[in-house]
Each structure stands twice: as structure tokens, then as C-alpha cells.
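This report goes through selected features of one protein model. Please keep the sequence and the structure at hand while reading.

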Amino acid sequence: MNAVTQASNAHVSTVKLLIDGEFVESKTKEWRDIVNPATQEVLARVPFATVEEVDQAVKAAHAAFATWKTTPIGTRLRIMLKLQALIRENMPRIAQTLTAEQGKTLPDAEGDIFRGLEVVEHACSIGTLQQGGFAENVAGGVDTYTLQQPLGVCAGITPFNFPAMIPLWMFPMAIVCGNTFVLKPSEQDPLSTMQLVELAIEAGIPKGVLNVVHGGKEVVDAICTHELVKAISFVGSTAVGTHVYRLGSEHGKRVQSMMGAKNHAVVLPDANREQALNALVGAAFGAAGQRCMATSVAVFVGAAQQWVDELVEKAKTLKVNAGHEPKTDVGPVVSRTAKTRILGLIDSGVKQGATLALDGRDVKVPGYESGNFVGPTVFTDVKTDMDIYTNEIFGPVLVVLTAKTLDEAIAIVNANPFGNGVGLFTQSGAAARKFQSEIDIGQVGINIPIPVPVPYFSFTGSRGSKLGDLGPYGKQVVQFYTQTKTVTARWFDDATVSDGVNTTISLR
Ligand code: NAD
């Protein structure tokens with residue numbers, strides 16, 4: 001059975017739950033339409049699973065853990081090898097689904113899948129990633145070694161903006177470490193996620209090892225409070241991530257929450273102007289600004305302030321259209337609700353006195369009149385207490401600040417509560433070195449606007465953008481998805497030799 005099917009008496013397909021190796025129809029009465037943001041076409045319906053169904057999924061994962069945890073590393077990694085090959089083969093098909101349900105352009109949808117694929121490739125190295133340490137002779141005849149053991153049932157809760165990459169940050173690494181998994185994809189665009197889940201089953205993930213439940217708050221809360229769930233990875237907004245972190249932690253789970261952002265790009269006057277402005281425009285308006293690492297604030301330093309007009313001219317050249325249309329630069333935002341929220345924040349910027357240097361509110365897209373489009377928008381004369389600066393807009397809106405010096409720019413960035421990403425544009429090694437040392441942001445780009453680390457490193461957002469200390473992929477996530485057990489062992493050469501009773505702590 002497939003993850004999305006249409007009953008003979010229904011006019012739209014329904015998304016299935018995956019419980020104990022079977023794609024099953026939810027028994028819930030609560031459903032939500034999955035809508036193409038460019039056309040408003042209903043693509044399918046997704047259930048909001050019942051608490052009983054969440055319980056079934058978790059129990060199936062718990063039962064499967066008994067055998068999966070002892071499955072040899074080679075068997076686990078060969079499933080990941082198969083999965084990476086299947087994802088590669090199916091990338092164009094999944095990208096089409098992703099564009100239809102999320103809105104981003106087709107090449108960007110392929111990028112979304114590719115960045116997740118890289119995590120699956122990295123999961124194939126688990127043989128060298130999940131290794132303990134060994135110290136011989138820590139005391140007379142005593143050795144100490146560590147084991148990195150899987151935790152049990154882990155869960156993942158994912159956002160709408162990367163429906164391929166972010167689920168792939170989570171379940172492949174958790175499962176390859178020997179855990180079992182319950183995934184809760186975004187209810188806004190779960191179709192491409194489910195195609196990846198189908199491929200994971202085809203690759204050989206045994207029944208019960210990967211399970212999927214759909215829904216919103218009730219399902220998430222049921223996961224956070226379920227006694228058999230040991231760890232939760234969350235990616236999404238700050239409000240929900242904080243809730244998940246608190247609720248999960250209160251219920252004794254290990255939790256990591258990657259959350260909202262306000263990413264600055266600092267432009268020094270010695271930067272290569274053309275490269276810096278191109279990078280800024282791509283990073284601010286690509287994916288319609290709906291990337292957690294999108295550049296949403298540009299800080300022009302000193303004479304670089306004269307480049308703002310040119311930035312606006314470049315932004316004007318971007319083509320706003322449906323994501324599947326060739327040469328589209330900016331697709332629609334994910335939903336009508338998202339568009340209304342973005343327009344409200346733009347209006348607030350005007351009311352609070354910022355200058356709207358480029359207004360994307362009334363963009364018209366012929367053939368897609370009902371799409372959720374917002375054109376590239378640029379604000380200048382922005383103050384740091386305005387709503388357009390203090391809120392994550394999560395749309396194609398760039399706010400421009402100015403600073404007299406690099407020190408002033410660093411102070412602005414460090415005073416912002418978020419800590420996901422930051423960029424510096426310069427040709428000065430000394431300025432770059434000062435910046436990387438003094439900036440209080442977890443991911444720094446030097447002449448790179450969106451510095452998301454490749455999977456051999458880890459995603460290292462910080463401060464208000466993250467709760468929990470370990471990142472969602474890379475070496476850090478192996479720590480997150482495993483328990484370090486320390487064994488201190490002594491073997492006697494001769495069973496007849498004895499030290500006698502000793503009641504003090506050894507001094508050697
Ligand atoms: P969201 O927080 O609304 O949703 C994320 C998940 O939480 C979804 O699965 C959703 O169903 C669930 N959820 C929603 N409301 C809930 C509630 N009240 N209680 C419990 N669960 C709930 O986020 P989104 O709008 O899907 O995604 C956009 C946000 O994600 C942005 O803030 C963006 O910055 C952030 N994000 C962060 C990163 C990162 O790595 N830091 C990456 C991608 C996205």
C-alpha cells in the first residue's frame with residue numbers, strides 16, 4: 001500500500017499513517033487540505049491522528065527496538081546506502097511534489113532534497129561515527145571503555161519550509177544509530193516527506209523501525225508526554241520549539257529544538273560589491289524568504305550604504321511566478337495565512353516610519369491570480385525596535401540597517417536575541433577574523449550568505465534560535481541519539497590471587 005491513495009468513493013487522496021510497517025488510513029474525524037500555494041488546488045487531505053494512533057505508533061517503535069538495537073551496524077548502514085540511491089533516482093519526482101505542495105521553485109526543491117540526501121550519505125559512515133573510546137590500564141589491571149548505545153524510541157517534529165531536508169536530518173541518523181523512530185511531518189506539506197518515507201521502507205527499514213503520525217498540537221503533545229519516547233528532535237518556530245522543549249524535558253526526554261531566526265548580513269565597504277549584492281538578493285528572496293537561514297537583515301557599514309539603491313534594482317529583476325514555471329526566482333509563500341501575516345508586518349513597517357524602498361505587496365502573477373505571492377520587499381530607515389526588525393517575517397522581506405563601523409555592526413547583531421546565522425562580506429582577512437571571533441552567532445559565513453554546514457559538521461544555531469546543546473546532524477547528532485555508557489573492567493590473571501577487602505577510595 002502507498003502512503004497517499006484515493007478511495008474509489010472519494011474525490012481526493014488521503015495521506016496515510018505509517019504504523020508497524022503498514023500505511024494505514026487514520027480513524028480520525030479531523031482532516032486538513034493540502035493546498036498548492038500557487039493555484040489553491042487541493043492536492044490531498046492529511047489526517048490529524050488520534051492520541052490512540054500516536055500510542056500505537058510509539059508502541060510499534062518500542063517493540064521493534066528490541067531487535068533493531070542488536071542489528072549489526074553493517075546491515076543498518078547498507079539500508080542507508082540503498083536509501084541514498086533511491087532518493088537520487090527519485091529526486092525529480094519528489095521535487096515536483098515538493099514544489100506543488102510547498103511553492104518553492106523546482107531547482108530549489110531539488111536542493112532541499114539534495115541537502116537531506118547528504119545526511120543520508122553521511123549516515124552510511126556510521127561504522128566510524130558510532131564508536132566508543134578505550135583507555136588501557138587506568139589503574140592496575142583496570143581498563144575503561146565507552147559504548148555509544150541507542151536510546152530507544154526517538155521522535156521528530158518537522159516544519160513546512162524544508163519538507164525533504166529536515167525529515168532527512170532526523171530519521172536516517174536516529175535509525176542508523178540503532179533507534180526506532182516516530183516522525184510527525186508538517187501538516188502543511190507532508191506529501192514529499194511521505195515519498196521519502198516510502199523509499200525508506202523500500203530500502204529495507206524493517207517494520208516498526210520507522211513510523212509516521214500526522215497532526216498538530218494534540219499529536220505533538222502526545223509524543224512529548226509518551227513514557228516510551230526517549231528523545232525528540234524539533235525544528236520549527238520559536239514559540240512551538242520552546243513548548244516542545246519544556247514539555248518533553250518535563251517528561252524526562254532528551255530534546256533538541258532548532259527554532260526561529262533573524263539572520264544578518266554585514267557588508268563592509270571593501271567587499272566585492274557585485275558578489276555581495278548578488279549573494280544578499282539570493283539569500284533574502286530565495287524560497288520566498290522562507291528559510292530559517294534566509295538573510296532577513298542587511299547591515300551596510302560606512303560607504304557601503306551607497307549600494308542600497310543597487311540592491312533594490314537587483315531585487316526588482318527577480319521573477320515572481322509559480323515554482324514549477326521555468327526561470328522563476330520567487331515562488332508563492334506557503335499559505336494564505338502566511339501571506340496575510342507577512343502583509344500585516346509590511347504594513348506595520350510603513351506605519352512605524354520605515355521607508356518602503358521596494359514594495360512587493362501588490363505583485364500580480366498572470367495565470368496564478370489566486371496564488372499566495374508576495375514580491376521582493378525592501379525596507380530602509382529601519383530602527384531596531386520596529387516590528388519588522390523584532391519579528392521573524394519569514395517572507396521575501398529584507399530590512400536594511402546602517403552602521404558607521406564594523407564594531408557598531410557587530411554590536412547590532414549581538415544585541416539581537418536570535419543566533420542562527422550571520423554573514424560578513426569583506427575582502428579583509430583581518431576584519432573577517434575579528435568578526436568570527438567577536439560575533440555571538442552559531443553559524444558564520446565569510447562571503448557566504450547562508451552558511452549551513454555540510455553534514456560532516458553539525459548545524460550549530462545558537463542563543464534564541466536553539467534549545468538543547470547538540471545539533472540536528474553531523475557528529476553531534478550521534479551523541480544526541482546515543483547514550484554513552486562507561487565500562488570500567490578488571491580481569492584477574494589468577495582467580496586465586498586476592499587484594500583483600502579495601503574500604504577506602506584507591507589512591508592509585
Ligand atoms: P511551526 O512551529 O509552526 O511548526 C513546526 C511543527 O510544530 C509542525 O510539525 C507543526 O505541526 C507543529 N506545531 C504547530 N503548532 C503547534 C503547537 N501549538 N503545539 C505543538 N506543535 C505544533 O513552524 P513552521 O511554520 O512549520 O516552520 C517555520 C519556522 O521554522 C520558522 O520559524 C523557521 O525559522 C523555523 N525553522 C528553523 C530551522 C532551524 O534549523 N533553526 C529550520 C527550518 C525552519
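Leaving aside its neighbours within four places in sequence, which residues is Thr 380 in contact with? The model examined here is a predicted one.

## Thr 380 and its contacts

Beyond its neighbours within four places in sequence, Thr 380 is in contact with Val 308, Ala 354, Thr 355, Ala 357 and Val 400. Thr 380 belongs to strand β17, which covers residues 377-380. The relative accessibility of Thr 380 is 15%. Buried means under 20% relative accessible area, so Thr 380 counts as buried.

The domain assignment divides the protein into domain 1 (17-259 + 474-486) and domain 2 (264-446). Taken over C-alpha atoms, the centres of domain 1 and domain 2 are 31 Å apart. Contacts across the boundary involve 17 residues of domain 1 and 23 residues of domain 2.

The size of an interface is often given as the accessible area lost when the parts come together. For domain 1 and domain 2 this buried area is about 1,600 Å², with 58% of it on carbon and sulfur atoms. One salt bridge is counted between domain 1 and domain 2. Asp 108 and Arg 291 form a salt bridge in which the closest N and O atoms are 3.0 Å apart.

## Strand β14

Strand β14 spans residues 263-267. Five of the five residues of β14 are buried, so the strand is largely enclosed by the rest of the structure. Asn 263, Ala 265 and Val 267 point one way from β14, while His 264 and Val 266 point the other way.

Strand β15 (residues 295-301) runs parallel to β14, and five bridges pair the two. In β15, Val 297 stands opposite His 264. Between β14 and β15 the chain passes through helix α9 (residues 273-285), making a right-handed β-α-β crossover. His 264 also stands opposite Val 422, a residue of β20.

## Strand β20

Strand β20 (residues 421-425) has five of its five residues buried, so β20 too is largely enclosed by the rest of the structure. On one side of β20 are Gly 421, Gly 423 and Phe 425, and on the other are Val 422 and Leu 424; both faces are covered.

Which strands pair with β20? Strand β14 is parallel to β20, with four bridges between them. One of the residue pairs joins Val 267 to its bridge partner Phe 425 in β20. Strand β21 (residues 443-446) also runs parallel to β20, joined by four bridges. Leu 424 has Ile 446 of β21 as its bridge partner. The chain gets from β20 to β21 by way of helix α14 (residues 429-438), in a β-α-β crossover that is right-handed.

## Salt bridges

Side chains of opposite charge can pair when their charged atoms come close. How many salt bridges does a search of the whole structure find? The search finds 18. Among them is the pair of Lys 207 and Asp 20, with an N to O distance of 3.5 Å. Lys 207 lies in the loop between α6 (191-202) and β11 (210-212), and Asp 20 in the loop between β3 (17-19) and β4 (22-24), so this pair ties together parts that are 187 residues apart in sequence. Lys 207 is exposed, at a relative accessible area of 57%, whereas Asp 20 is partly exposed, at 30%.

Glu 118 and Arg 115 form a salt bridge with an N to O distance of 3.0 Å. Glu 118 and Arg 115 are separated by about one helical turn because they are three residues apart in helix α3 (residues 106-123). Glu 118 is buried, with a relative accessible area of 11%, while Arg 115 is partly exposed at 28% relative accessibility.

In the salt bridge between Asp 407 and Lys 434, the closest N and O atoms are 2.7 Å apart. This pair links distant parts of the chain, with Asp 407 in helix α13 (residues 406-415) and Lys 434 in helix α14, 27 residues apart. Asp 407 is partly exposed at 45% relative accessibility, and Lys 434 is partly exposed with a relative accessible area of 27%.

Conventions
Residues numbered from 1 in each chain as written. Predicted model: local features only at pLDDT ≥ 70, side-chain atom pairs only at ≥ 80, totals over all residues. Heavy atoms only, no water. Buried < 20%, exposed > 50% of the residue type's maximum accessible area, 1.4 Å probe, protein only. Contact = heavy atoms within 4.5 Å. Pairing = 2+ DSSP bridges. Right-handed = clockwise from strand over helix to strand, strands pointing away. Domains from an automatic or database assignment. Buried area = accessible area lost by both parts, 1.4 Å probe. Salt bridge = Lys/Arg side-chain N within 4 Å of Asp/Glu carboxyl O.
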